[in-house]
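Please view the structure before reading on.

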Amino acid sequence: MHKEASIREPLILGDKSYHDITEDVCRPIENDAPKAWYLLITISGLVALWGIGCILYLLGTGIGTWGLNKTVGWAWDITNFVWWVGIGHAGTLISAVLLLFRQKWRMAINRSAEAMTIFAVMMAAVFPGIHMGRIWVSYWVLPLPNQFGSLWVNFNSPLLWDVFAISTYFSVSLVFWYIGLIPDFATIRDRVTRPLTKKVYSILSFGWTGNAKAWNRFEIVSLVLAGLATPLVFSVHSIVSMDFATSIVPGWHTTIFPPYFVSGAVFSGFAMVLTLLLVMRKAMHLENYIHVKHVEYMNIVIIVTGSIVGVAYITELFISWYSGVEYEAYAFINRATGPYWWAYWSMMTCNVISPQLFWIKKLRRNLAYTFVLSLVVNTGMWFERFVIIVTSIHRDYIPSSWTMFHPTWVDIGVFIGTIGIFFFLFLLFARFFPVLALNELKSILKSSGENYKEGFGYGEGYWDNHAPDAGIEQQND
Amino acid sequence: MATNKKYWKGFDELKESPEFVERKNNEFPAEVPVEEFIGSEEVSGFNTDRRDFLKFLGFSVAAASLAACEKPVIKSIPYVNKPEEITPGIANWYASTFYDGNDYGSVLVKTREGRPILLKGNGSYGVNRGAATPRMIGSVLSLYNEARLKGPHRHSESGCMPISWPDADSEIGAKLTSIAGRGGKIRLVSRTVISPSTKLAINTFVTKYGGKEAFAMGPAVADPIEEVLGTPVSEGGQETAPDIKHITLDELSYNGLRNANKENFGDGFIPNYDFSKAKVIVSIACDFLSGWLMSTEYIGQYGETRKPESGWMSKHWQFESIMSQTGSNADQRVRIKPSEEGIVAAGILHAIGGGGKAAEGALGTYCELVAEDLKSAKGDSLVVSGSNDVNIQMVVNAINNHLGSYGKTIDRSTLLEMGRNNDEEIKTLEEELSSGSVDAVFFYDTNPVYSMQNGEQWEAAIKGCELSVSFAQYEDETASACSYICPDNHYLESWNDYNPKSGHYSLAQPVIRPLYDTRQAQESLLVWGGEATRSSGKDSTVFYDFLKSTWEKYGFPMQTDYPTFSEFWNWAVHNGSMDVKEMPAAEQQAFGGNLNAAVSGATSIESHPVELIIYQKAGIGTGKDSANPWLQEMPDPLSKVSWDNYVTMSPSDVLAMFPGSLTEEGLASNSEEIKDYSAWNSLYIGQESPAHVVTVAVGDTTVKLPVFPMPGQASGTIGIAMGYGRGAHGGGEPIIGRAAYYTEKYGGYEKDTAGNLVAIGQNAFPLMGWQNGTTSLSGMAATIEPLTETYPLACSQTHHTVMGRESVVRETSLGTYLSSDSDTYNPPFKLSVIKDGKHQEVPVGEADLWDSHSVEHVGHRWGMSVDLSSCVGCGSCLVSCVSENNVPVVGKDEVRRSREMHWLRIDRYFSSVGDADRNAWEKDPTTNSFDYHQMEISQASPSVVYMPMMCQHCNHAPCETVCPVAATTHSNEGLNQMTYNRCIGTRYCANNCPYKVRRFNWFNYQGYKKFNENNPAQQEMGRMVLNPDVVVRSRGVMEKCSFCVQKIQEGKLVAKKAGRPVQDGDVTTACAESCPVNAITFGDWNDDSSAIRKSSESDRAYQSLEEIGVKPNVWYKVKVRNIEEDVVVNSNDDASGHETEHNTH
């Protein structure tokens, strides 16, 4: 049986009963959405439309509408791709890896983190598609039997590995997420009264009955999928990093990339989870489920991964000098002191210096600071990819070809657009899907709920009537 | 059954109105007088039997069908009747000659299915020995310029209207007769005519209206005019003699040189220079490799002296103000102001002990050094000056005379016919024109409204003439002022002959039927001269017959090789040129002239704080082809700017001017090296870093141009290229060609407030000066005013130094090359490996993680070598590559975005101020340090290295492994191949290419509106220049140099058909065959005896970036400079520093 220190904070605050959890999670789905939701979804919808417009213009006119040039063949496109893939890391890490490690605090955040993962990977997948010169033949990257003679894909190419890695990761994450949703959909199905809604949720819930056998299978499938997803968490970004690591471009050709990219991805993924959840918990009144303790745990992950990233940066610098390779050395000198010094130092500040402040307990338990820092980390990680991609190739071997990269409005439009689409999807998720894994949460209520830890557990409002002298101190907020 | 129903066709018939009845009766009114005809006695007397009838019938049918065959409206593939000489898919090559008044050369024209698509120098015949300038190679595209006039035009009140040739002939003829009849002045203005037949045609014309013109073709004929044409016909014995003259007007004047020779030798000739014999070459502001006299010949000769394998190299000194093509190749380059050219010349003369006047200060030192070199190679030296000042040229003559160069490197018995314009004569014409005394004026191949200093006056004066005729192919500046335009053929549609220098004759033949209803100017002159009548339009043979008869009369007797004229003629046309072996020795006058006056004249040229030089750019030249998109897009060899002209200034001068106020002497003399990175960076011109704009004023004329900070430019001087600002008079019409005007970012033309198209750049000719009796293109006193606005320049190379990367570019001195083994100047790259348990250093080629492609010693392995030592950076290879491989033109905005598509580029590196520090650091990293930022700063007077860079066809190609769809693969002949239709456009290959030679199709260049104005493939006619052997790439795919795989295939097929293995020389690439200095060698590396194999095994051969192990199939050869030290000469203490001390910061 689960044991924990008595001083450990409970994971579910408030005076929650099983029913309370169901009520709290289903309330936003069953009630009318607040005005703010409509406002936000309109804004993000418009931004999304703008982005789609930019993408259509790009596809109609040519890649030349971006600011790329003969020297810098990838810039914002692949930067955005890697950034979104990185963000898409946290969800599966939280649900799969933490599941295997029996980290119960994950249950409050895994649902929305996984949703974020799905949407982020979708956004990421946009870029390798639209960055192709001829997207209409993009299916050639798949090893499909064809009538082009002996033409086959090139298994040496890391871009091909990418195709496999991302598509596998996306499918497994999607299935994992959806399996988790099934019992929760069933709960909603059982509660809603409107026939159409009921119909929709009953289809979504795949006829879940909630009998013991179903739960048993649910647990097994979750475990199996967690086992499958865990290596994927590490493989997907390792392989993305090989897009660079297997090249001969100074600054890309680095064996440190796989672990460095994975930790960077976890780093940025957690930052994005924090950004989203800190808003969501407030907006959807989930403060009792996602509270300071959760934030603190995530911040610890951020310190750890941020430090790994920092060490990686410094290792790269050291190796560039130690290798004695002129081009390698120059690539890093150029990063730090060349025309893109501002990008490099933004990256350094955002990713290495500011997360270290989380060693201070007060700061890592401070929600406002955490929110600001999550934005900083997200910015820093975007810059990291930009620095790696652009500053490496804008000045590589032959000085005559050295150039600068200047984004066009289409570059910017597409990027902002994907953010718009992402938030649009996430807002839909928050409105129509159970944002917490409510049935899973119930499984830890006894061991992690506040009242239960105190030896009570009679549900919300019970102590208003029954305990006139011994109130429970609220530990939250 | 009978019926009385009446059928009628209309109410008229029903009513039977009288009118109707009348018309009905007259339905076939014309009575054919058959009876009369048959009844006549004459006819009935004929005895036409059945056989005759059949003969007539047969003849009529045949005639009718032949007549029907006369008019095939559209000639398209497949041929119905295939011309005998054309096999679809097989190119035909024709020998011809290019001459535009500036460049001359024998060329070979490649035609496919009757379309000329490529030009190259004729390697077998002609003085240029295969050399061709970018302008010559690009001229094939101008043939298809849609702005060419489609027929004769007349200017009237209602504008420029097309007329027919007969109308033009009769109107012009009538006016001429009336003008000549009343003794009016007739002037025929042309550029230097070096064509004997054209001269004769001009004669015919001039003679008809009462004049007489000198003519010479060969020495045999005393007075050909008398012989050919008889005595001049006087017009009806009128009292007033007509005044008709032929005047020569070129953009570039060689008057100073001709006058100096007149003074020194009694005859205003231009001698033949032979640079191949010169061990020491001293050039005083003479750009003899690009645009000076017979530069197409000199460039090859110069190249011969730059190959160190022979144990010697020419020592090339250059004194100049701007960084010229020639100067950039010099071993020692000294920056002077134009006003110091005379001082240098006199100083050298003094230093070699031939009189003159010693130069002071640093210049004096340089003169001494030059003199030492000159004296050590006495006779085997050549001093040339690009000045048009007679005094300077006389001093230069004196130097050459003192050193005994005449008879060795300068041949006075072979004289150049080029550059014959006479500035005084033109001045007179100008006065006559502006006084309104000229009644009729003809302009043949000259454009004074554009190229004269006071073009506007010319325009007004021409408009005032009773008759003004231009033979221009376009409605150009002069033509649009003329009352008639009788457009000449393009030279590829024309017959012509040339006599560029004594003893050498060449022919030009048409390679395509005239595209439009144009007529060769010579034919017009012959028609107006009464010598011929034009009969058959485009297929007229008037001038051909005339030319042939000239050659029969004069050319044929000059040789003894061919017994019959037809044999001679066929071979002359086939070869394109002929040399007359035995030239009678002309009388050679001894050196004379007033040297002292010349010296004092040359040394007392007034200097100015800011002196202007108008120079020629390699692509644009004098502006004749400034609507040619290939040439506009060709980056300038030095500035790497395309699609614009600009003011070149020394970087420190630019810094002094921006920011900060400019005083009177503000620009005067700051020769300080810029060492401050941030200051240097403020001069950076890139995609979003536009150039500063200034106004330059010479006298009352001002131009507004952006500034390009050009390392190597003398302080206190500014340079502006000629040839820009053309065609601006056309209003809203692209009158000289679509590519001559600025375009908008998303396509369409940029227009000024009045809705007129804006011509690219500014015309520099109005800034010309007049000095010492000749026009002057340098040394004009200019004032320069900084403006606050900026202007984007399109630079294809924005970083100017090689950052000390010795594995990219290697150079050494001649001394080191000769005295040491290759490990010293060309060390192989070694890798540390563990072998047999021991630490070992092995050559990088031996350490390999991969299985090699089995290309070595199996079948062919195509390879290339590029000799950096002889490459002069002229750009011919680049334009040739564009022409051969259908490389898309992308226009200024795209070049600015670093998206030019050139498969072959010429990297140009300046030596940097940090080079010395870096060299010291290489030797001992502990005690020295260097700063990468300083490495980015070019020296004030840098040495230059050119490096043609194309796909290196790596045997371990990084691009091949990363392509997800295997669109780029390795062939079993060592080629790195690009399969366009498999490419999905991920651009990973381009990122992973260490040489950055891959080019991506960012747009649909053949269709997208942005490229409508500049991409020839978007135009009906321009498309004709495309090489059908090379696919036009679609949007979204990667492309790159293919080693001209279509030519490889062709060469292999030729060998196969001949039943023999491929031999060295069967296969070559466009760049290799266009290189005037033979710096590029191409061939089969697996062939042990091939030139490329030998070249790759030379001591100087290295592979760029060898250490990254990509194993290229291209070798470069170490650049060798004829200098003392291995360290590049750092002439910070340059001459212009001696004038005054000036502090900029």
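In this predicted model, Phe288(B) is in contact (heavy atoms within 4.5 Å) with Phe275(B), Ile281(B), Ser283(B), Ser295(B), Tyr298(B), Tyr302(B), His316(B), Gln318(B), Thr326(B) and Val384(B), leaving aside its neighbours within four places in sequence. Phe288(B) also belongs to the largest nonpolar core, which has 342 residues, and is among those with the most contacts inside it, together with Tyr273(B) and Trp292(B). A nonpolar core is a set of buried Ala, Val, Leu, Ile, Met, Phe, Trp, Tyr and Cys residues joined through side-chain atoms within 4.5 Å, where buried means under 20% relative accessible area (1.4 Å probe, protein chains only). Helix H9 (residues 257–283) of chain A gives the most to this core, with 14 residues. Another core, of 36 residues, lies apart from it and includes Ala345(B) and Val396(B).

Nearest the centre of the largest cavity lie Asp100(B), Arg191(B), Asp445(B), Gln473(B) and Lys624(B), which are among its 38 lining residues. For the second largest cavity, 22 residues form the lining, and Leu141(B) and Pro629(B) are among the closest to its centre.

Residues are numbered from 1 along each chain as its sequence is written, and chains are lettered from A in the order in which they are written. In this predicted model, local features need pLDDT of at least 70, side-chain atom pairs count only at pLDDT 80 or more, and totals for chains, interfaces and linings use all residues, while side-chain values use heavy atoms, with hydrogens and water left out.

Key. On a 1 Å grid over the protein atoms alone, a cavity is a set of points where a 1.4 Å probe fits but cannot get out, and a pocket is an open set with protein on both sides within 12 Å along at least five of seven lines; lining residues have an atom within 4 Å of a point. Buried means under 20% relative accessible area, exposed over 50%, partly exposed in between (1.4 Å probe, protein chains only). Helices (H or I, at least four residues) and strands (E, at least two) are DSSP runs, numbered from the N terminus.
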